[in-house]
There are 2 protein chains.
Amino acid sequence: MSELIHQFGRNLRYFRLRAGMSQEELAQKAGLHRTYVGSVERGERNISLINIARLAGALDIEPEELLRRVTGSNEGSL
Amino acid sequence: MSELIHQFGRNLRYFRLRAGMSQEELAQKAGLHRTYVGSVERGERNISLINIARLAGALDIEPEELLRRVTGSNEGSL
């Protein structure tokens, strides 16, 4: 079950870096706290749909992209 | 923000009916309560990743499929 949480965190980090944003910039744009974004990226949060929508909106991607098992995040660093 | 919650509910109902399962059968297989599954389908719940993973596993689909904006659920009834 927690595998999806970790996958989500890796995907979030991948798309954030691809957008050239810091955790703080993403957090501000999404209306969330920087430490919250950090904990989501580390797979420590059972994030819910509303915050998934906020992060996807801030990254200009579809929410479903953050749940995919295979993204560039599986290829290592950018 | 709540649009994703309603989309999720429509998608869940679509995939559950496609699998020929009742809300009670899906709930039992996912380890959730029937009334919870019903409220998710009605777009009343800000469901989180762990329960998304449980429902996707019970339906034998990828979690991301439950977040898609366009599914058969947009085509009306089955």
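Me: What does A:Arg68 count as by relative accessibility?

Reply: The model is predicted, so a ground rule: local features need pLDDT of at least 70 and side-chain atom pairs pLDDT 80 or more, while totals for chains, interfaces and linings use all residues. Side-chain values use heavy atoms, without hydrogens or water; residues are numbered from 1 along each chain as its sequence is written, with chains lettered from A and ligands numbered from 1 in the order written. Buried is under 20% relative accessible area and exposed over 50%, with partly exposed in between (1.4 Å probe, protein chains only). At 27%, A:Arg68 is partly exposed.

Me: Which residue of chain B does A:Arg68 pair with across the chains?

Reply: The pair runs between the segments after α4 in the two chains, α4 of chain B being 49-59. Helices here are DSSP runs (H or I, at least four residues; strands are E, at least two), numbered from the N terminus.

Me: How many salt bridges does the rule find across the interface of chain A and chain B?

Reply: Over all chains, the count is twelve. One network links A:Glu64, A:Arg68, B:Glu64 and B:Arg68. Across the interface, the number is four.

Me: Which helix gives the most to the side of chain A that touches chain B?

Reply: Contact (heavy atoms within 4.5 Å) takes in 18 residues from each of chain A and chain B. Between the chains there are twelve residue pairs in polar contact, both at pLDDT 80 or more; that means N or O atoms within 3.5 Å, one able to donate a hydrogen and the other to accept it within protein, and residues adjacent in sequence count only if both atoms are side-chain atoms. On chain A's side, α1 (2-18) and α4 (49-59) each supply at least two residues. With five residues, the top giver is α4(A).

Me: How many residues apart in sequence are the parts that B:Glu41 and B:Arg16 tie together?

Reply: Their side chains meet in a salt bridge at 2.5 Å, N to O. B:Glu41 sits in helix α3 (residues 34-41) of chain B and B:Arg16 in helix α1 (residues 2-18), so the parts they tie together are separated in sequence by 25 residues.
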